[in-house]
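Work through the exercises below with the sequence and the model open beside you. Try each task before reading its solution.

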Amino acid sequence: MLDFSWNTRSPLQKALVAGRHGVANGQAGVTLEEVGEIELIQVMSRRGCWAETGKAAKKLFGIEPPSTPKAVVGKGATLIWSGPDQFMVLALKSQGAEQQYKLRKAVSGIASLSDQSDGRCLIRISGPRARDALAKFSSLDLHDAAFAAGTAATTSINHTSVNLWRGADEAAPVYYVLVFSSFADSLWHTMVDSSLEYGVEVGRLHAI
């Protein structure tokens with residue numbers, strides 16, 4: 001009998017070429033990174049149980065899950081709105097097993113969970129020209145007045161369904177895009193091509 005060994009690998013294993021691309025002079029306008037080693041759980045509240053689900057999540061994460069298109073940061077996880085009465089829990093894989101166990105116990109009977117960790121790819125876009133690069137392929141209004149830090153959306157980019165949210169600003173805006181792993185390669189190339197004129201620094205990140 002043959003022995004099989006299943007290894008997890010990045011959906012961007014071939015597409016991501018680390019280093020500087022495009023305009024080579026000066027500060028890179030865009031930093032594009034794959035965030036690896038993530039744990040992602042979809043939480044879907046059962047009919048009439050949203051309030052109970054919110055209370056259970058608050059007890060676990062120290063903050064209520066968003067009921068509108070927002071992303072909030074709690075204890076050890078980011079909670080991202082993904083639709084009416086549902087949200088996603090994003091954490092580092094190192095915290096995942098224990099956290100998933102606690103979450104399952106907390107929402108038992110009031111919500112359904114779906115592990116999406118290996119089905120999605122998380123891409124972080126930052127830098128002084130990140131918004132300009134995103135605006136080339138996103139139909140959303142990304143102006144500060146319309147898409148402030150903490151705003152989230154379930155939308156379509158390049159004919160691909162994604163979850164997009166704006167994290168806490170650093171020296172410049174920071175955006176996150178969650179895309180199905182099977183579409184990540186194509187979307188990644190679009191993102192790199194849209195950033196070349198600003199100079200783009202490409203790499204991998206193991207922190208959210």
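**Exercise 1. Find the salt bridge of Glu 197, and say what it ties together.**

Glu 197 forms a salt bridge with Lys 136, and their closest N and O atoms are 2.5 Å apart; the term stands for a side-chain nitrogen of Lys or Arg within 4 Å of a carboxyl oxygen of Asp or Glu. Glu 197 lies in the loop between helix H4 (181–195) and E12, whereas Lys 136 lies in the loop between helix H3 (130–135) and strand E9 (152–157), so the pair ties together parts that are 61 residues apart in sequence. Helices (H or I, at least four residues) and strands (E, at least two) are DSSP runs, numbered from the N terminus.

The next step is accessibility, where buried means under 20% relative accessible area, exposed over 50%, and partly exposed in between (1.4 Å probe, protein chains only). Glu 197 counts as exposed because its relative accessibility is 52%, and Lys 136, with a relative accessible area of 43%, is partly exposed.

Before going on, note that this is a predicted model, in which local features need pLDDT of at least 70 and side-chain atom pairs count only at pLDDT 80 or more, while totals for chains, interfaces and linings use all residues. Residues are numbered from 1 along each chain as its sequence is written, and side-chain values use heavy atoms, with hydrogens and water left out.

**Exercise 2. Check the length of helix H1 and work out where its buried residues lie.**

At 1.5 Å a residue, the twelve residues of H1 (residues 50–61) should span 16 Å, and the end C-alpha atoms are 16 Å apart, which agrees; the expected span is 1.5 Å times one less than the number of residues. The buried residues of H1 are Trp 50, Thr 53, Gly 54, Ala 56, Ala 57 and Phe 61. They cover an arc of only 165 degrees around the axis, which puts them on the same side of H1; the arc is that of the directions from the helix axis to the C-beta atoms. An α-helix has 3.6 residues a turn, so residues three or four places apart point the same way. The face of H1 turned away from the buried side carries the exposed residues Ala 51, Lys 55 and Lys 59. Just after H1, Gly 62 takes a positive phi of about 80 degrees.

**Exercise 3. In what order do the seven strands of the open sheet stand, and which are at its edges?**

The order is E1-E12-E2-E8-E11-E10-E9, with mixed pairing; two strands pair if DSSP finds at least two bridges between them. Strand E1 (19–21) and E9 stand at the edges, each with a single partner strand, so one side of each is left without a neighbour in the sheet. Within the sheet, E2 and strand E8 (residues 120–126) pair in the antiparallel sense over five bridges, and Leu 32 stands opposite Ile 125 in E8.
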